[in-house]
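Subject: Structure handover

Hello,

Here is the structure for you to look through. My notes follow below it.

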Amino acid sequence: MEPYAKEELLACCIARLIGDARHVAVGAASPIPATGVFLSKFLHNRTLRISLLHKRSGNAFTEGSRELFDLAGQGRIDVFFLGGAQIDGAANINLVQAEGRRFPGSFGSAFMYFAAGRTILFREEHSRRVLVPRVEFISAPGWSAPEVERRGGPQALLTGKALFLWQKKARRFCLQSVHPGGSLDEIKADTGFEFDYPPRVKKTPGPAAEELACLRGPVRSAITENYPAFGRRVWPARGTA
């Protein structure tokens, strides 16, 4: 298999999770999720609408996040991405405070977690500092009681070491695959919450030749236009066009 960057592997995971979504919104400072979304569009789903929220030219909104929330409330955002300073085993996220440090805050994360059809939790760092038994502050809850109106919720948790799928009935994550070079024991050691896993844990499939060609062609062009520093860092040194 041709060598690939870690960012390319993570983008492929995201593209596979997106599936047949019609509209995906990507928040600020999220180049890897954006890469996966563009890969999905160019390789599988050419009618996919992408709203990049990190800069004005990345979306068609004229009133900023107000329109994003309106679309989500109407059920017109199929996939959204959330991360956090902390994420726990109940899929709760913390964007407010951890280990005595304050962060920018939750903004609309709780609303989007409820209103978007599916949310992919993404955090490249995989450690007990981030993946905790219980978040210190719940910015957005991973699940709600049956009587609470909620359209969406978590679909998966993707980190730099593994992919977990959310089990709605069990309200727990299940380890889907470990990225190449890792092991189940390593994931257990680096994860602060308990999770389920099958008798035989899969390795995350690496990018196929078609995926790499797409990443290093049209996706690279789109990402470098929107996230120039990220694009230059991931691809130029690889000698691709």
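**What was found**

Arg171 is partly exposed, because its relative accessible area is 35%; partly exposed means between buried (under 20%) and exposed (over 50%), with a 1.4 Å probe and protein chains only. Arg171 sits in the loop between β11 (162-167) and β12 (172-178). Its phi is near 60°, a positive value in a residue other than glycine.

Before you read on: this is a predicted model, in which local features need pLDDT of at least 70, side-chain atom pairs count only at pLDDT 80 or more, and totals for chains, interfaces and linings use all residues. Residues are numbered from 1 along each chain as its sequence is written, and side-chain values use heavy atoms, with hydrogens and water left out. Helices (H or I, at least four residues) and strands (E, at least two) are DSSP runs, numbered from the N terminus.

Ala29 also has a positive phi, of about 55°, although it is not a glycine. Ala29 lies in the loop between β1 and α2. With a relative accessible area of 68%, Ala29 is exposed.

**Two helix contacts**

Two packed helices are described by the angle between their axes and the distance between the axes. Axes are lines fitted to C-alpha atoms, for helices over the stretch in contact, and angles run from 0 to 180 degrees between N-to-C directions.

Take α2 (residues 31-43) and α6 (residues 209-226). They pack at an angle of about 125°, with axes 9 Å apart. That makes α2 oblique to α6. Angles under 35 degrees count as roughly parallel, over 145 as roughly antiparallel, 65 to 115 as roughly perpendicular, and the rest as oblique. The crossing of α2 and α6 is right-handed, meaning that the near helix is turned clockwise from the far one by less than a right angle. The residues of this contact divide into twelve nonpolar, two polar and two charged. Here Ala, Val, Leu, Ile, Met, Phe, Trp, Tyr, Cys and Pro count as nonpolar, Asp, Glu, Lys and Arg as charged, and the others, Gly among them, as polar. Phe38 and Phe42 are among the α2 residues in the contact. Contact means heavy atoms within 4.5 Å.

Now α1 and α2. Their angle is about 55°, and their axes are 7 Å apart. The two are therefore oblique to each other. This crossing is right-handed. Its residues divide into ten nonpolar, three polar and one charged.

**Cores and buried residues**

A nonpolar core is a set of buried Ala, Val, Leu, Ile, Met, Phe, Trp, Tyr and Cys residues joined through side-chain atoms within 4.5 Å. The largest has 38 residues; Val24, Val26, Val37, Leu39, Phe81 and Ile223 touch the most other members. Helix α1 (residues 6-18) gives the most to this core, with eight residues. A second, separate core of 29 residues includes Ala72, Ile87, Ala91 and Ala140.

His23 lies in strand β1 (residues 23-26). Its relative accessibility is 4%, so His23 counts as buried. His23 and Leu48 are 25 residues apart in sequence, yet 5.8 Å apart in space, C-alpha to C-alpha. Leaving aside neighbours within four places in sequence, the contacts of His23 include Leu48, Arg49, Arg76 and Asp78.

Ser109 is in helix α4 (residues 109-115). Ser109 is buried, with a relative accessible area of 4%. Not counting residues up to four places away in sequence, Ser109 touches Leu82, Ile93, Leu95, Ser139 and Ala140.

Best wishes
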